[in-house]
Amino acid sequence: MSELPVADLDASSSSLGPVPVVAVVGRPNVGKSTLVNRIIGRRQAVVEDVPGVTRDRVPYDAQWNGRRFTVVDTGGWEPDAKDRAAAIAAQAEIAVQTADVVVFVVDVTVGATDVDEAAVRMLRRSHKPVILVANKADNQNLELEAVSLWSLGLGEPHTISALHGRGSGDLLDDILNALPSPPPIIEDGPRGPRRVALVGRPNVGKSSLLNKVSKEERAVVDSVAGTTVDPVDSLVEMDGEIWQFVDTAGLRKRVNQASGTEYYASLRTAGAVEAAEVAVVLLDAGEVISEQDQRVLSQVVEAGRALVIAFNKWDLVDEDRRFYLDKEIDRELKRIPWAVRVNISAKTGRAVDKLAPAIRRALASWEQRVPTGALNQWITALAQATPHPVRGGRAPRILFATQAGVAPPRFVLFTTGPLDAGYLRFIERKLREEFGFEGSPIEVSVKPRK
Ligand code: GDP
Ligand code: GDP
């Protein structure tokens, strides 16, 4: 696993853009949980406020106007703390440091208290955008009371009633507007055929396979309603579905001609992989896995595409070869044990019908999303069972985790400090054990608290 791109230390460099984090802070009982419930639309159950149970920094998936973000409830505080204000401030501080925007909730029926004012001082020091919420403004009279909260110096109070929903839509608009960059759009609706790159070193059987699937599966389709297909691509029907094999013009025409230098071959592979969602890497099962094969595999992994490895020319594999091939796979493919594998013969047609299901499996993993609640439950248990090794007398802690994107799945760990590369790989391995991701690379990055 050593060569996989694991530790991208800055989540914000992700090309898909990270899912922003909104922290909800404030004194106990001002209605933070009620507000979080309102924001997430009660799609997930917010932990009930049980006296004595700490409820710190619980993250939830949220969406508004087709945008995705994470909202962190910070109800937790230590009722037994000697200095209550300090305990609350400490709790809030951690949440604030990991957030992109802070929603500061005040109870309008109580007004600004000393504790509120202490929290405001901390919020100022954080230099994070803060949205002041005057909650429990259940009626117009209470809405007027909110005027007094201008004294906190956080600008205009957003009057809402988290309980009744009053004002919460406007509040969500303002939260999204306050984010430093727009959150990712939730994509849905129809899309074109899945894009597949058929790659591998010369002579592994790419043209043969393309010809086989085109013939076996009845028709090469020329057009699909509503999609524009690049003329260098081929539309092929496999297993009742239309697939777009990208950059296949060369493959179709070529009949076993020399394919130029390896340099051009690798450029071509890069182009096809870039244009595709999933790559089918062909390996010649009759020959040893070569460096050139490895390079093609790396190109796919580094591009973050879903991966199916097809061992072609399986008709040439006898028992002897099978034995050595198994050993080779263990040795040469140990960094990508997650790839979906199929054993086929483009010549005889053996198991070519396994290709479409394999591609679908890889794509499903590529687009898999782990709900934030499940992810955090899992990672809390994992970190408890196997904490990060102590470094210089301290061990960094994972505050919470979120899946920042899909295609491929990207995870961000919010921590108290940088994590060892070895510990990160451990987490990646465990993530796969728990959630699968067969056929897809995944990325785990760390965002240490500043
Ligand atoms: P937290 O400790 O800040 O998370 O506060 P909770 O969300 O647990 O709310 C504390 C109490 O205030 C609960 O009894 C809520 O029902 C109540 N509450 C929350 N929002 C409102 C509101 O908008 N209006 C009124 N009247 N009560 C509210
Ligand atoms: P490409 O360069 O990757 O496109 O490979 P080709 O499709 O041109 O195949 C190279 C050679 O391998 C040709 O002689 C094919 O007939 C042969 N070949 C392709 N697939 C198979 C297979 O499954 N079994 C056997 N025995 N030969 C194959």
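**Exercise 1. Which residues of β4 point one way, and which the other way?**

This is a predicted model, in which local features need pLDDT of at least 70, side-chain atom pairs count only at pLDDT 80 or more, and totals for chains, interfaces and linings use all residues. Residues are numbered from 1 along each chain as its sequence is written, while chains are lettered from A and ligands numbered from 1 in the order written.

Step 1. Recall the rule: side chains in a regular strand alternate between the two faces of the sheet.
Step 2. Sort the strand (strands are DSSP runs of E, at least two residues; helices are runs of H or I, at least four; both are numbered from the N terminus). V101, V103, V105 and D107 point one way from β4. V102, F104 and V106 point the other way.
Step 3. Check burial (buried: 20 or more other C-beta atoms within 10 Å of the residue's own; exposed: 12 or fewer; partly exposed: in between; C-beta atoms are placed from the backbone). Seven of the seven residues of β4 are buried, so β4 is largely enclosed by the rest of the structure.

**Exercise 2. Describe the shell around each ligand.**

Step 1. Start with ligand 1. It is surrounded by 16 residues (C-beta atom, placed from the backbone, within 6 Å), and the closest are G31, K32, S33, T34 and L163.
Step 2. Find the main contributor. Helix α1 gives the largest share, three residues.
Step 3. Sort by class (nonpolar: Ala, Val, Leu, Ile, Met, Phe, Trp, Tyr, Cys, Pro; charged: Asp, Glu, Lys, Arg; polar: the others, Gly among them). The shell around ligand 1 has four nonpolar, eight polar and four charged residues.
Step 4. Of its 17 residues, G205, K206, S207, S208 and K347 come nearest. Helix α6 (residues 206-216) supplies the largest share, three residues. The classes are five nonpolar, eight polar and four charged.
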